[in-house]
Amino acid sequence: QVQLVESGGGLVQAGGSLRLSCAASGSIFSINAMGWYRQAPGKQRDLVATISAGGSTNYADPVKARFTISRDNAKKTVFLQLNSLKPEDTAVYYCNMDVVWRFGPPSTFWGQGTQVTVSL
């Protein structure tokens, strides 16, 4: 089975930076899109950024020019660099990956979530 393990969350002051990582383990043939989502208390889970297998990126408007998504295919890992953090970035951040098997349709997996808290 596939597991996504996230790391890098924490408490940071406004204007600070964090780097999130999400590594996949298991018998994976390849990975298509990878992404990061976030969910603040009492709110729905929203897209933050995605990156295709070819490296094309897409960002939600609130994080453009502040966050950067990247991937290391050899390590089956996706990263999210968070700069110029604001209190409204406080949320649980989740990674997801579209895993391709040698046979059968692809499957989507989610990480367990990592808390990012930005204080004034």
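1. R71 is placed in strand β7; strands (E, at least two residues) and helices (H or I, at least four) are DSSP runs, numbered from the N terminus. With a relative accessible area of 16%, R71 is buried, where buried denotes under 20% relative accessible area, exposed over 50%, and partly exposed the range in between (1.4 Å probe, protein chains only). The C-alpha atoms of R71 and G55 are separated by 7.8 Å, the two residues being 16 apart along the chain.

2. On the basis of the coordinates: this is a predicted model, in which local features need pLDDT of at least 70 and side-chain atom pairs count only at pLDDT 80 or more, while totals for chains, interfaces and linings use all residues. Residues are numbered from 1 along each chain as its sequence is written, and side-chain values use heavy atoms, with hydrogens and water left out.

3. The count of salt bridges comes to three, a salt bridge being a side-chain nitrogen of Lys or Arg within 4 Å of a carboxyl oxygen of Asp or Glu. R38 forms one of these with D89, and the closest N and O atoms are 2.9 Å apart. R38 belongs to strand β4 and D89 to the loop between β8 (77–82) and β9 (91–100), so the pair ties together parts that are 51 residues apart in sequence. Both R38 and D89 are buried.

4. D89 also meets the side chain of R66 in a salt bridge (2.7 Å, N to O). R66 lies in the loop between β6 (57–59) and β7 (67–72), and D89 in the loop between β8 and β9, so this pair ties together parts that are 23 residues apart in sequence. R66 is buried at 10% relative accessible area, and D89 is buried at 1%. Through shared partners, salt bridges join R38, R66 and D89 into one network.

5. K64 forms a salt bridge with D61, with the closest N and O atoms 3.0 Å apart. Here K64 is partly exposed, at 45% relative accessible area, and D61 is exposed, at 60%.

6. Two aromatic pairs are counted. The criterion is that ring centres of Phe, Tyr and Trp (its six-membered ring) lie within 6.5 Å; planes under 30 degrees apart count as stacked, over 60 as edge-to-face, and the rest as tilted. W101 and F109 form an edge-to-face pair, 6.0 Å centre to centre with 80° between the planes. W101 is partly exposed, with a relative accessible area of 23%, whereas F109 is buried at 15%.

7. The charged end of R45 sits over the ring of Y94, 3.6 Å from its centre, and also over the ring of W110, 4.8 Å from its centre. The rule requires NZ of Lys or CZ of Arg within 6 Å of the ring centre and within 35 degrees of the ring normal.

8. The largest pocket has a volume of about 220 Å³. A pocket is an open set of points on a 1 Å grid over the protein atoms alone, where a 1.4 Å probe fits, with protein on both sides within 12 Å along at least five of seven lines; lining residues have an atom within 4 Å of a point. The volume is the space filled by probe spheres set on the points, which are joined across faces, edges and corners.

9. The lining of the largest pocket consists of 17 residues, of which R38, A40, K43, D46 and E88 lie nearest its centre. β4 (30–39) and β5 (45–51) each supply at least two lining residues, and β5 gives the most, with three.
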